[in-house]
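Dear colleague,

Please find below the structure that I am handing over to you. My notes on it follow directly after.

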Amino acid sequence: MIEESQVIKVRHEKLQKLKEMGLKLYPNDFRPKDKAKYIKDIYKNFTQEELEKKEYEFSLAGRLMAKREMGKLIFAHIQDETDRIQILVAKSEISAEDFKFFKKFVDIGDIIGVKGRLIKTKTGEITILVKDLKLLTKALRPLPEKYHGLKDTELRYRMRYVDLIMNPEVRELFKTRTRIIQYIRDYFISEGFLEVETPMMHPIAGGAAARPFITYHNALDMNLYLRIAPELYLKRLIVGGFEKVFELNRNFRNEGVSSRHNPEFTMLEFYEAYATYEDLMKRTEELFYSLALEIKGSAKITYQDYEIDFTPPWQRVEFLKAITELGGVPEEVLYNKEKLINFAKEKGIELNLKDPRIGKWWTKLFEELVEPKLIQPTFVIKFPIEVSPLARRNDENPDFADRFELYIAGKEVANAFSELNDPKDQRIRFEEQLKLREVDEEIPPEIDEDFIRALEYGMPPCAGEGIGIDRVVMIFTDSPSIREVILFPHLRRKEDL
RNA sequence: GGGCCGGUAACUCAGUCGGUAGAGUAUCGGCCUUUUAAGCCGAGAGUCGCAGGUUCGAGUCCUGCCCGGCCCA
């Protein structure tokens, strides 16, 4: 559909005119040899005289971002992946036809290729003096305003391509995201972990407490669930004899969207045989510390209003102590259900009273009262066993799990535990859980019998951890919202954009 | 789910007490050989998120809905 907008109509008319003139409209035979950033880096200190001696013909392709006509001179800026560089189209330097073509038919937003030598302008800007130019792709829609760019958050997310064209800091952020992910991947590979891919579609959505997305497989005539966690498959691999594995990919949870949640998010899970959650704390400290040095050049980074220091060792606090000492919940309240209910009510915290697990109530209080206070990297340890169905019991106190969660800047970033490898205990835990399905719809509706069978073949003692990659990227790019670190965050559909 | 804020030209935004819908950018025509948010002269461009209501008259007031943002749960 051709849009009503006058500006867009003009572009379509130009394209039609070019077609009638016999121009090949979308050529793909221009091979740029140079990049804007490298040209500027290398030649910025050259004088005009030095540049004149250089006979090399530069060639560069990119998007026209600005155009300033000055009679027989037209200054413009081209943006490629690396940077923007000024070009000068001068009537004295190219054919009259090409000059007129550039003036009349090449618009801001078009992709062009140029060839020419370098000059330095009066103001000292490195500039390509164009000898040869070619329209590579005509843009049929105008770019946003050149000074303010694209600011509307909704439009930025819905049309990320325009956001990326207009806002270099957004391009930089997503490059940083990729560097973070590559660094983490390299770290695990160099530590001897095997990167694996396990199913995204599960017959039973297990490994976490969350509502899954449901999909349907026609040929098998069965429902499948988009995975909420790869955990149970990765442990099968530990059973199978791989001793160090990791998977770095998407999970899907059917929950609302917010500045902290996107229904699909990137998760790292890794499992290590013959290791404990204590070992994983050390590994996590090492990973984040070196990541901070790699990405930010310092162990200390700024996130919003906080300075966060990744220098190990990090503080450790027991789950219940955190609730009493940091959350301000009196100890006598903690173990008395009636007092607990009243306390929560006073604080305006809603407990699921149908759920008999006091550990669930504690978790709620923890989320409300403690989480926001955990700014510096903090390991919360000793979680109640009833909210840790896949974790190993502590040898001294079997009501608690050998588990930690990592909090940074008030956000849960990682969750790890020594893995439960006793198949009988695992079955009991699943069965206990299943009884509570009526009061907690996030509990998987079915026991994963194949997983238990796998454990019955014997899983070596091991520990595993999940790290929320989007949250890590938020922290390292100082982003207040998860949508800023996801290229195409989910929004409600809108037809009339 | 609740509260607050926003949605006006392709983009960024004004729009007073309810009285003919504005600016800059972009576009179109013209001038200009060192501009860089270029400048100057001129022109065109609107489902004021959607649907109702109040009113002689609604971008503006009221109600409902849609989309987004922030905060809370």
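Of the atoms of RNA strand B within 4 Å of the protein, what percentage belongs to sugar or phosphate? In this predicted model, the share is 63%, and the remaining atoms belong to bases.

The protein surface around RNA strand B comprises 41 residues, of which Gln 6, Lys 14, Thr 123, Lys 146 and Arg 492 come nearest. By residue class, 18 are charged, twelve are polar and eleven are nonpolar.

Several polar contacts with the RNA involve the protein backbone. A base nitrogen of RNA strand B lies 2.8 Å from a backbone N or O atom of Glu 69, and a base nitrogen is also found 3.0 Å from a polar backbone atom of Gly 71. Two or more residues of the surface near RNA strand B come from each of helix H1 (6–20), strand E1 (58–70), strand E2 (73–79) and helix H5 (153–158). The greatest contribution is that of H1, with four residues.

Beyond its neighbours within four places in sequence, Phe 288 is in contact with residues including Phe 310, Trp 314, Ile 408 and Ile 467.

Yours sincerely

Terms used: Residues numbered from 1 in each chain as written. Chains lettered and ligands numbered in written order. Predicted model: local features only at pLDDT ≥ 70, side-chain atom pairs only at ≥ 80, totals over all residues. Heavy atoms only, no water. Near = heavy atom within 4 Å. Polar contact = N/O pair within 3.5 Å; in protein donor to acceptor, adjacent residues only side chain to side chain. Nonpolar A, V, L, I, M, F, W, Y, C, P; charged D, E, K, R; others polar. Contact = heavy atoms within 4.5 Å.
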